[in-house]
Amino acid sequence: MTQPSHLTARPAPSLNGTARAPGDKSMSHRALILGAMATGTTEIEGLLEGDDVLATARAVKAFGATVERLGVGQWRVTGQGGFRTPADVIDCGNAGTGVRLLMGAAAGYPITATFDGDASLRKRPMGRVTDHLERMSARFDWSGARGLLPADLTGGSLSAIDHVQTVASAQVKSAILLAGLNAVGITTVTEPEPSRDHTERMLRAFGAVVEVETLDEGWRVSLTGGQALTGTGVAVPGDPSSAAFPLAAALIVPGSSVTVEGVMLNPLRTGLFQTWIDMGADLTITNRRSSGGEEVGDITARHSRLNGIVVPEDRAASMIDEYPILAATAAFADGATVMRGIGEMRVKESDRIALMAAGLAACGVAVEEEAEGFTVTGSNAVRGGATVTTHGDHRIAMSHLILGLAAEQAVTVDEPGMIATSFPGFVALMRGLGADIAEA
Ligand code: S3P
């Protein structure tokens with residue numbers, strides 16, 4: 001199917017209904033990678049079949065695992081207890097998580113591999129992972145600029161390190177821990193605030209011992225090298241980062257009430273929901289239950305009068321991917337929403353601070369950009385009526401389409417095909433709730 005070059009969201013009368021969030025992207029990457037590192041069979045349910053995760057599935061197959069798709073979201077990975085040298089370049093597409101975690105995992109084995117990605121991934125900093133893997137004795141050769149893909153890895157014979165992060169990053173932590181599994185000694189990562197802990201939780205499910213020590217500020221995670229993983233079952237719950245989009249639409253389109261079922265409620269991922277509640281959102285969580293080692297629940301959002309707030313900076317790690325959609329909802333709030341301490345947003349799939357500031361301004365929203373943050377001053381009448389450049393960033397595209405549903409005039413985004421990296425069913429799901437989102 002050819003992708004439209006643009007998508008347009010038109011003002012919606014109201015959005016109503018129940019939907020299911022797609023599988024969590026972070027957990028989906030990890031389930032495939034740990035399944036491939038393990039010995040035996042890993043059956044995965046609810047895997048996100050987005051482009052980023054499909055690239056990781058192809059990668060672990062190239063590293064020697066048997067990967068079978070049994071049905072929608074149902075996958076089986078049979079690992080060999082290690083990676084072998086792949087025949088081809090490992091192309092991770094748009095996926096920062098995919099490439100960084102795979103580099104960490106592969107570094108522990110005596111193999112060589114070339115990693116590459118799309119134009120966006122080639123611009124993203126890899127040194128934040130590879131510098132530490134090099135300290136562990138892995139080798140990286142760069143055919144272009146140091147720290148930018150493509151990169152050639154020579155792995156094996158690693159030694160453990162003790163790494164103290166200045167900015168919490170689950171990708172960096174996870175890459176080091178995955179390498180540490182096959183390093184000599186105890187690998188330790190200290191974070192100033194806890195970042196998402198799916199790697200730690202899943203490593204335990206695969207039989208590894210991972211220690212966590214809570215500190216006055218942040219925590220320290222450590223594991224001893226030489227531990228073998230055993231295949232297991234993984235149930236992937238719904239992705240809170242994707243659930244955020246239909247819930248946001250309900251908050252800002254008058255008369256709406258939307259429920260998203262099966263959303264993962266890991267406290268290290270729910271900063272946005274807390275922030276919306278602090279802004280006065282009518283958000284209720286029901287049917288809390290446990291699934292796949294994570295708490296999940298059904299979240300209902302109803303149209304709400306939101307108030308601008310100062311988002312606590314120490315919440316950044318628990319909602320780093322959610323600031324674009326928070327900013328879109330802040331455009332409809334009374335007063336200013338101040339978002340600071342989020343310089344990391346500039347090195348995601350795009351410079352998300354710059355693109356949100358530009359896109360919101362083009363839609364008539366008052367935005368002030370800073371080096372490490374931005375402030376959005378809302379109004380109950382947002383003009384819209386713009387075509388927004390997304391630089392191929394899925395969350396920039398979805399955030400502006402959601403804004404367009406509540407604006408006075410339609411909002412158009414370019415490169416909508418990239419939405420499939422994290423949320424392939426986004427347009428169908430939103431249409432099912434009553435949204436008018438169509439090819440421009
Ligand atoms: C992710 C961690 C986050 C997040 C990314 C997914 C993960 O990156 O932005 O989309 O799955 O570990 P950082 O931890 O590097 O901030």
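Modeller: Let's start with D393, found in the loop between β24 (384-388) and α11 (394-406). Helices (H or I, at least four residues) and strands (E, at least two) are DSSP runs, numbered from the N terminus. Keep in mind that this is a predicted model, where local features need pLDDT of at least 70 and side-chain atom pairs count only at pLDDT 80 or more, while totals for chains, interfaces and linings use all residues. Residues are numbered from 1 along each chain as its sequence is written, and side-chain values use heavy atoms, with hydrogens and water left out.

Colleague: OK, is D393 buried or exposed?
Modeller: D393 counts as buried, because its relative accessibility is 0%. Buried means under 20% relative accessible area, exposed over 50%, and partly exposed in between (1.4 Å probe, protein chains only).

Colleague: And what does D393 touch?
Modeller: Not counting residues up to four places away in sequence, D393 touches E349, S350 and R352. Touching here is contact, meaning heavy atoms within 4.5 Å. The side chain of D393 also makes a polar contact with the side chain of S350, at 2.8 Å. A polar contact is a pair of N or O atoms within 3.5 Å; within protein, one must be able to donate a hydrogen and the other to accept it, and residues adjacent in sequence count only if both atoms are side-chain atoms.

Colleague: What about H391, where does that lie?
Modeller: H391 lies in the loop between β24 and α11. Its phi is near 50°, a positive value in a residue other than glycine.

Colleague: Why point that out?
Modeller: Because most residues other than glycine have a negative phi, and most peptide bonds are trans.

Colleague: Where is S157, and what is its phi?
Modeller: S157 is in the loop between β9 and β10 (158-159), and its phi is also positive, near 50°. S157 is exposed, with a relative accessible area of 69%.

Colleague: And which peptide bond is cis?
Modeller: The one from L149 to P150 is cis, with omega near 5°. P150 sits in the loop between β8 and β9.

Colleague: You mention β8 and β9. In what order do the strands of that sheet come?
Modeller: The order is β6-β7-β9-β8, four strands in an open sheet with mixed pairing. Two strands pair if DSSP finds at least two bridges between them. β6 (90-91) and β8 (139-142) stand at the edges with a single partner strand each, so one side of each has no neighbour in the sheet.

Colleague: How many bridges join β7 to β9?
Modeller: Four bridges join β7 (residues 112-116) to β9 (residues 151-154), and the two run antiparallel. A113 stands opposite L153 in β9.

Colleague: Switching topic: what surrounds the ligand?
Modeller: S26, R30, T97, S169, A170, Q171, R196, I320, D321 and K348 surround the ligand. A residue is near a molecule or strand if one of its heavy atoms lies within 4 Å of it. An oxygen atom of the ligand is 2.7 Å from an N or O atom in the side chain of S26. The side chain of R30 has an N or O atom 2.7 Å from a ligand oxygen, and so does the side chain of S169.

Colleague: How much of the ligand does the protein bury?
Modeller: The protein buries 95% of the 380 Å² that the ligand exposes when taken alone. Accessible areas come from the Shrake-Rupley method with a 1.4 Å probe; for residues, only the protein chains shown count as cover.

Colleague: How many aromatic pairs are there?
Modeller: A search of the whole structure finds seven. In one of them, the rings of F273 and W276 have centres 6.2 Å apart and planes at 40°, so the pair is tilted. Rings of Phe, Tyr and Trp (its six-membered ring) pair if their centres lie within 6.5 Å; planes under 30 degrees apart count as stacked, over 60 as edge-to-face and the rest as tilted.

Colleague: Where do F273 and W276 sit in the chain?
Modeller: They are three residues apart in helix α8 (residues 271-278), so about one helical turn separates them. Both F273 and W276 are buried.
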